[in-house]
Structures are given as structure tokens and as C-alpha cells.
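Please look over the structure below before reading on. The briefing that follows takes up a handful of local features, grouped by topic, for a reader who is meeting this chain for the first time.

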Amino acid sequence: MRENIYKRTLWIVVLSQIFGGAGLAAGITVGALIARDLFGLTTLTGVPAALFTLGSAATAFTIGRLTQKIGRRIGLSIGFFLGALGAIGVIIGTTLEWIPLFFVALFIYGAGTATNLQARYAGTDLALPTQRGKAVSIALVSTTLGAVAGPNLVGPMGRVAESLSLPTLTGPFILAASAYFIAGLILFIGLKPDPFLLAKELAKTQQPTATSLLEVTSKKGVILAALVLVITQFVMVAIMTMTPIHMEGHGAAIGAVGLVISLHVAAMYLPSLITGVLVDKIGRSPMIIAASVTLGITGILTLQAAGDSLVEMVIPLVLLGLGWNFGLIAGTSLLIDSTSIEVRAKYQGTIDVLVAIAGTLGSLVSGIIVGLTSYAHLGIVGMSMALLLLPILILYYRK
């Protein structure tokens with residue numbers, strides 16, 4: 001029975017993540033461009049990413065607590081519905097040029113981002129230890145279709161927005177509102193029985209004797225997992241946020257920006273099936289090293305990346321997505337390994353809060369760095385942060 005429900009749960013997660021990925025892509029692609037038009041300042045173009053990642057942090061915490069009490073189904077559904085509501089608010093705020101509403105709506109829109117990430121855990125609830133990396137990867141790779149299609153639909157969705165007498169750049173948020181709502185509906189209807197609640201019941205039958213919190217939780221493992229997830233998120237968001245601004249500043253067309261971001265997002269999710277197998281086969285630590293090195297190389301390549309050269313922008317952005325992918329799957333698997341089902345959802349929610357805060361800081365800092373210095377200096381910061389994972393891993397094994 002467990003195996004059948006596990007497989008069914010994965011299919012439901014896959015279906016919801018396809019739509020969730022499409023909703024996620026809107027803010028990545030045009031959020032900074034809308035902010036530039038509203039504010040007229042490059043230094044503030046990181047504000048949208050900061051707001052929706054801050055909203056993501058608040059939602060991740062709430063979903064973690066809700067899941068621990070009432071399961072994945074309700075928590076994830078609410079998160080996606082809030083994301084849809086936020087996207088609608090962004091459309092209205094942008095159209096009316098009402099900045100307070102724009103800010104609040106971006107914060108709420110961040111609920112979709114948090115839910116998209118939290119959904120990866122749903123597939124692991126009933127997975128065996130040797131299946132966890134693969135389960136995470138299946139959830140992530142299913143995001144690829146929507147997330148890659150989203151940026152490439154900037155042009156068509158812009159025309160849809162214009163036909164509705166809305167600003168062109170609100171088009172992707174029309175897509176986001178629809179996609180997030182559908183993703184929430186799929187989970188609300190299809191995620192039965194709830195995999196987390198079932199896993200808790202199975203754990204009780206398999207471990208009739210109560211085990212203390214210290215015995216079921218590896219604090220070292222939790223801390224390392226948190227650092228891996230936080231650092232990879234910071235580096236990825238910082239560089240990704242400023243890429244559209246850097247490219248447009250050098251005369252790149254909006255279509256070229258969409259293509260670069262879509263390839264970046266593809267690299268974030270598409271390699272997941274291979275990454276998941278590697279995480280399960282060769283271990284969490286080697287893949288953490290791979291994440292550090294890959295992100296470090298990304299930082300180096302951005303030093304000379306000309307914004308008007310498609311090749312020079314695609315290569316580092318693809319590596320940026322790949323390094324993030326390595327770090328996310330390895331860190332997520334390590335976190336699951338290090339916690340028991342009795343406390344796992346709380347830890348997952350709390351650490352995803354830290355991940356979202358890291359993304360917030362990354363987006364804010366990136367705007368300031370690029371506004372005051374250059375995109376190349378941002379690459380140096382990203383490289384330095386990424387390579388910190390290597391001494392952290394050494395310290396972890398020396399303790």
C-alpha cells in the first residue's frame with residue numbers, strides 16, 4: 001500500500017509543480033523591470049525579488065507549522081491560492097501605478113514561491129532513505145515545463161495584457177495567477193490520503209517505543225543542510241535578479257532576456273533526475289562540493305559577461321542554475337536524513353524561511369552592488385559566497 005500511495009503522490013506533485021513553475025517564472029522575469037519603470041532607479045530594482053522572497057519566508061514558516069499539525073494537502077493548497085491572489089494584486093498595482101499595493105501584492109505573491117519549494121517535500125514523505133534524492137528530483141524536474149515556458153511567454157502574455165488594456169509587463173502575472181490557482185486546486189483535490197499524515201501513522205506502528213528528540217535529530221546534519229540551502233539560494237537569487245537589468249542596460253531585447261532566464265530556470269530544474277540519482281548513489285557531500293565549485297565558476301564567468309552577448313550570458317546563467325540544483329537536492333536530502341517524521345515538517349518550514357531570507361538579502365544586495373558598482377562586482381561576491389561551502393564542509397567532518 002505504501003509504495004502505491006507513494007507513486008500516486010509523486011504524480012499529483014508532478015502535475016501541480018508543472019503549473020507552479022509557470023507561476024514562479026513571472027516574478028523572476030519581469031519583476032525587476034516593472035520596479036525600474038515605477039521607481040526610475042536601478043538601485044531599487046531588487047525590491048520586487050526581496051518582497052516576494054520575504055513573503056516566501058513568512059509562508060514557508062506557516063506551511064511548515066500547518067503541515068506538522070494537519071498535513072501537506074491543506075498547507076500547500078493555501079500557499080498556491082495566496083500566490084494567485086498576490087499575482088492579481090501585482091497586476092492591479094502596476095496598472096494603477098499604486099506602489100503600496102504593488103509592494104503588498106509582491107509579498108503575497110511570494111507565497112507561491114515558498115509553496116513551490118515546499119511541495120518538493122511532499123514526494124519524500126513516503127520515500128525510503130535510498131529514494132529521497134530521486135523523490136526530490138522528480139518534484140523539481142516537473143517544475144521545468146512551466147518554469148521554462150513562463151519566461152518565453154513574456155511576449156505572448158504581454159500582448160494578452162495589452163488586449164485587456166493592461167501594461168505589457170503584467171502579462172506574465174496573468175499567467176502566474178492562473179497557474180498558481182490551478183496548482184492549488186490539483187493538490188487540494190488530489191493529495192488524498194495526505195502523505196505526511198500517513199507517514200506519521202506508519203512511523204508510530206514501526207516505532208512503538210517513543211524516541212527522544214535528540215536521538216532522532218542530527219543537529220550537525222541540520223545545520224550543514226541549512227547552510228548549503230541558504231548559501232546556494234543567496235548566490236543564485238543575487239546574480240539572477242540583476243541579469244535582466246544588466247542585459248537590458250546593454251541593449252538586449254526583452255526576448256533575449258526571456259531566453260536567458262528560461263535557460264537558467266531549465267538548468268535549475270531539468271538536471272534534477274540525474275542529480276537525484278547522484279545524491280543517492282555517491283552521497284550528499286560530493287554533490288555539495290559540486291554545487292560550491294559550479295557556483296564559484298559562475299561568479300568568475302560573470303566578471304567579463306557582456307550584456308549584449310547571448311552566449312556570454314547564457315553560459316554563466318546555466319551554470320548558476322545547475323549549481324543551485326546540486327545544492328538544493330543535496331541539502332534537502334541531508335535535511336530529511338537528519339530529522340525524524342515527528343519534527344521534520346517544522347524543520348523544513350523553518351529552514352525554508354532562512355532560505356527565503358537569504359534570497360531576500362541576495363536580491364536587495366544585488367541591486368545595491370550593481371547600482372553602485374557593476375555586474376562584475378556582483379560576480380565576485382557570488383563566487384566568494386559559493387566557495388565558503390568548502391571550508392564549511394571540512395569543519396563539519398572535523399567535528
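This is a predicted model: local features need pLDDT of at least 70, side-chain atom pairs count only at pLDDT 80 or more; totals for chains, interfaces and linings use all residues.

Are Tyr 109 and Phe 173 buried or exposed? Tyr 109 is buried, and Phe 173 is buried as well.

**Aromatic pairs**

- A pair of aromatic rings is described by how far apart the centres lie and by the angle between the planes.
- The count of aromatic pairs in this model comes to seven.
- In one of them, Phe 102 and Phe 103, the ring centres are 6.3 Å apart and the planes stand at 40°, so the pair is classed as tilted.
- Although they follow one another in the chain numbering, Phe 102 is buried, with a relative accessible area of 0%, whereas Phe 103 is partly exposed, with a relative accessible area of 30%.
- Tyr 109 and Phe 173 make another pair, and because their planes are at 65°, with the ring centres 5.2 Å apart, this pair is edge-to-face.
- The pair of Tyr 109 and Phe 173 links distant parts of the chain, 64 residues apart, since Tyr 109 belongs to helix H4 (residues 99-122) and Phe 173 to helix H8 (residues 171-190).
- Tyr 109 and Phe 173 are also members of a cluster, linked by ring pairs, that takes in Phe 80 and Tyr 180.

**Charged side chains over rings**

- Arg 73 lies over the face of the ring of Phe 188, at 4.3 Å from the ring centre.
- A second case is Lys 220, which lies over the face of Tyr 396 at 5.0 Å from the ring centre.

- Most peptide bonds are trans, and most residues other than glycine have a negative phi.
- The peptide bond that runs from Lys 192 to Pro 193 is cis, with omega near -5°, and Pro 193 is found in the loop between H8 and helix H9 (195-206).
- Glu 97, a residue other than glycine, has a positive phi, near 55°, and its place is in the loop between helix H3 (72-96) and H4.
- With a relative accessibility of 60%, which is over the 50% cut-off, Glu 97 counts as exposed.
- Ser 165 likewise has a positive phi, near 60°, in a residue other than glycine, and its place is in the loop between helix H7 (154-163) and H8.
- Ser 165 counts as exposed too, because its relative accessibility of 66% is over 50%.

**Helix H5, an enclosed helix**

- Nine of the 10 residues of helix H5 (residues 132-141) are buried, so this helix is largely enclosed by the rest of the structure.

- Ser 292 lies in helix H14 (residues 284-301), and it is buried, with a relative accessible area of 0%.
- Leaving aside neighbours within four places in sequence, Ser 292 is in contact with Ala 386, Leu 387, Leu 389 and Leu 390.
- Not counting residues up to four places away in sequence, Ile 289 touches Leu 390 and Leu 393, so Leu 390 is a contact of Ser 292 and of Ile 289.
- The C-alpha atoms of Ile 289 and Tyr 347, which are 58 residues apart along the chain, are separated by 23 Å.
- Ile 297 is a further residue of H14, and with 39% relative accessibility it counts as partly exposed.

**A nonpolar patch on the surface**

- Ile 289, Val 293, Ile 297, Leu 301, Val 311 and Ile 315 form a nonpolar patch on the surface, with about 470 Å² of accessible area together.
- H14 and helix H15 (310-337) each supply at least two residues of this patch, and H14 gives the most, with four residues.
- An α-helix has 3.6 residues a turn, so residues three or four places apart point the same way.

Note on methods. Residues are numbered from 1 along each chain as its sequence is written. Side-chain values use heavy atoms; hydrogens and water are left out. Buried means under 20% relative accessible area, exposed over 50%, partly exposed in between (1.4 Å probe, protein chains only). Contact means heavy atoms within 4.5 Å. Patches are made of residues with over 30% relative accessible area and no salt bridge: like charges are joined within 9 Å, nonpolar side chains (Val, Leu, Ile, Met, Phe, Trp, Tyr) within 5 Å. Accessible areas come from the Shrake-Rupley method with a 1.4 Å probe; for residues, only the protein chains shown count as cover. A salt bridge is a side-chain nitrogen of Lys or Arg within 4 Å of a carboxyl oxygen of Asp or Glu. Rings of Phe, Tyr and Trp (its six-membered ring) pair if their centres lie within 6.5 Å; planes under 30 degrees apart count as stacked, over 60 as edge-to-face and the rest as tilted. A charge sits over a ring if NZ of Lys or CZ of Arg is within 6 Å of the ring centre and within 35 degrees of the ring normal.
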